[in-house]
Amino acid sequence: MKRIIRWAALLLVLVPLARSLTAQSNTAEMLQRAIRLYEEVEIEQSLVILRQIISPQSPYVVSPEQRVEAYKYLGAALALQAGPAKRDSAITFFRAALERDPFTDLDPRTFSPIQVQVFSTARARTFAVGLKPSATDTLDPRTERLRLRALTSHRGQLRLELRSGGVVRRVIYEGANEGLREIDWDALLADGRLVPPGRYEIVALGASHLITRPDTLRDSTRVFVELRHLHDPLADTLAVLGGADLLPEQHPASAAATDLLKGVAAAGGAILMQTVLSSGELGRSSTGSVVAATGVGVGVIAFFARQRNRTIPVNIAENARRQTAREQRNTAIVAGNAEILRETRLIVLPAAGVGP
Amino acid sequence: MRRHAALLALALAAPGGGAVRAQLRITGSAEASQVEHRVNAGFGVEQSSGTIFGGHGALGFGPRLEIGARVGSGTLTADSVGSDDLDFARGGLYAAVFAMPWLALRAEVGVHTLSTPVAVQRWTTGRMGAEARAPMLDGRFHAIGRLELFPLISVSGLEKPNRAFGAAAGIMWSAGPVSAQLVYALERYDFPRSGGVERHEQLSFLTGRLSVRLGRATAAPANAPQSGTP
């Protein structure tokens, strides 16, 4: 039973998908047939098919690229026909193609001068901005550049911005432009640093120089890219030295009492020898008292000296040496990492937006 | 002896001898002791005392091992009726192993003689014991304590004592390679009863010693990083 349900679910998914593919395939076939008829100068038959493709009544799915192609051939076909009405219609279809894809163009080797001239007229009446990043996916910023292809459909002002989080990080290009312009970006920000990894928006802003009344005609477009850094792993710097890494720099408060006890212990030892360890048969010697008095005296001196100054100079010097060694090691690590980062390569990936 | 000295000199001069030299320390000392000798051989306590002068030399190999020798001699004047003046001389060779920075295990072979114009009594002892040096004020002072047993002992003209031991306590001051010590030491010998008489003999020393060291300090942590709880 479970197997039947699984097959039924699979069919439910596959059948609409197959229909969609068939529909697109039908549009492609229709487009190919229309272009072939156009090339065989069967203009009227070609126009019929092309109009079917762009018609809202078309039962088939039409991709944006197919629609642009259909508009272009509609314009080209109508441009070949006599009469100002046909010419105006040709311009309208060319403009429809340009508005959808500003990179639309007529190859002068394939299309006649009259068609190219009508297309130029359409361009002059349409202001559209186009932008495509190059297909390069990995580049070395030291020697290579990210090539951007920007376009204005006719003479105008073009500005290319790199944005992140809505903030302009670099103006990549700004100036007058007409037609296609290839712009090489050095992958640096405005402050000269290599662009950090992340998602970015490259925005092309255009303002027409030809259509300025009643207002200047403007257009913009944008692409999203994800930039990643590619380099060898970086070494971690040494952490700040903690209590376990450093020696105590002060004696404990009990050190003074301990030193006093040591002196008293030496004194006690001398007294013990003089009184207990020496032979009772032989009488007591008194010379041990000199050492006993010295032991007590040194113990008392040590007690007060230690209370006044509890620092351990040897440990302070050793801790300073360890800190210096850590700083030197970290400096070397940072320098090594900088060397690695200098060889960073940049990976450019298309993205769906600036957010995740 | 000459051969051994030549071998030592060769080791120090040879390539790699630098490492040996780095580990080697030489200590030389001059000392003066106020000595008291007391004996009761069944005729009452006889006491003599005097000052002896001597020296001490030691070779330290790394932080763990030290060998040394000491000599001293002087005259002890009779302090009691019936006792004679004595010429006292002593010498000894010892080895010390530092089990801990503050604790050395010692073994020593010592000889001392007590001479009168008519007789010489020779004491030969094999000693084993331990010496502790507790640092005070970052090693500027040390409290010293030593305890030794004399398991091997022979005394000319006498039976072997049935109890023989030594002990010492003192204070040492250090400043770089120079150090000074003030030590009170006691040696006690109790002999078995013989002919109804029990002999007791005792030497005590109040010694002042001035030493100079060449080479790095021993394990005594005067200039070594010190651990401890803050």
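**Ground rules**

I'm looking at a predicted model, where local features need pLDDT of at least 70 and side-chain atom pairs count only at pLDDT 80 or more, while totals for chains, interfaces and linings use all residues.

**Entry: where A meets B**

I looked up the contact (heavy atoms within 4.5 Å). Chain A puts in 39 residues, and chain B puts in 39 residues. The area buried between them is about 3000 Å², with 69% of that from carbon and sulfur atoms. I take buried area as the accessible area (1.4 Å probe) that two parts lose on being put together, summed over both.

Next I checked polar contacts, meaning pairs of N or O atoms within 3.5 Å; within protein, one must be able to donate a hydrogen and the other to accept it, and residues adjacent in sequence count only if both atoms are side-chain atoms. Between chain A and chain B I have 10 residue pairs of that kind, both residues at pLDDT 80 or more. On the side of chain A that touches chain B, the elements giving two or more residues are α6 (255-277), α7 (288-308) and α8 (313-342). Helices (H or I, at least four residues) and strands (E, at least two) are DSSP runs, numbered from the N terminus. That side of chain A divides into 17 nonpolar, 16 polar and 6 charged residues.

Side chains of opposite charge can pair when their charged atoms come close. I count a salt bridge when a side-chain nitrogen of Lys or Arg is within 4 Å of a carboxyl oxygen of Asp or Glu. How many cross the interface of chain A and chain B? The rule finds 1. It joins A:R306 to B:D138, at 3.3 Å from N to O.

A:R306 also has a salt bridge to A:D259, at 3.9 Å. A:D259 sits in α6 of chain A and A:R306 in α7, so this pair ties together parts 47 residues apart in sequence. Both A:D259 and A:R306 are buried, where buried means under 20% relative accessible area, exposed over 50%, and partly exposed in between (1.4 Å probe, protein chains only).

**Entry: helix α8 of chain A**

**Entry: inside chain B**

I find 2 helices and 10 strands in chain B. Of its 230 residues, 45% are buried.

B:E148 has a salt bridge with B:R106, at 3.5 Å. This pair links strand β7 (residues 141-155) to strand β5 (residues 103-115), 42 residues apart. B:E148 is buried at 5%, and B:R106 is buried at 13%. Both belong to a salt-bridge network that also includes B:R70, B:E131 and B:E187.

Definitions and conventions:
Residues numbered from 1 in each chain as written. Chains lettered and ligands numbered in written order. Heavy atoms only, no water. Nonpolar A, V, L, I, M, F, W, Y, C, P; charged D, E, K, R; others polar.
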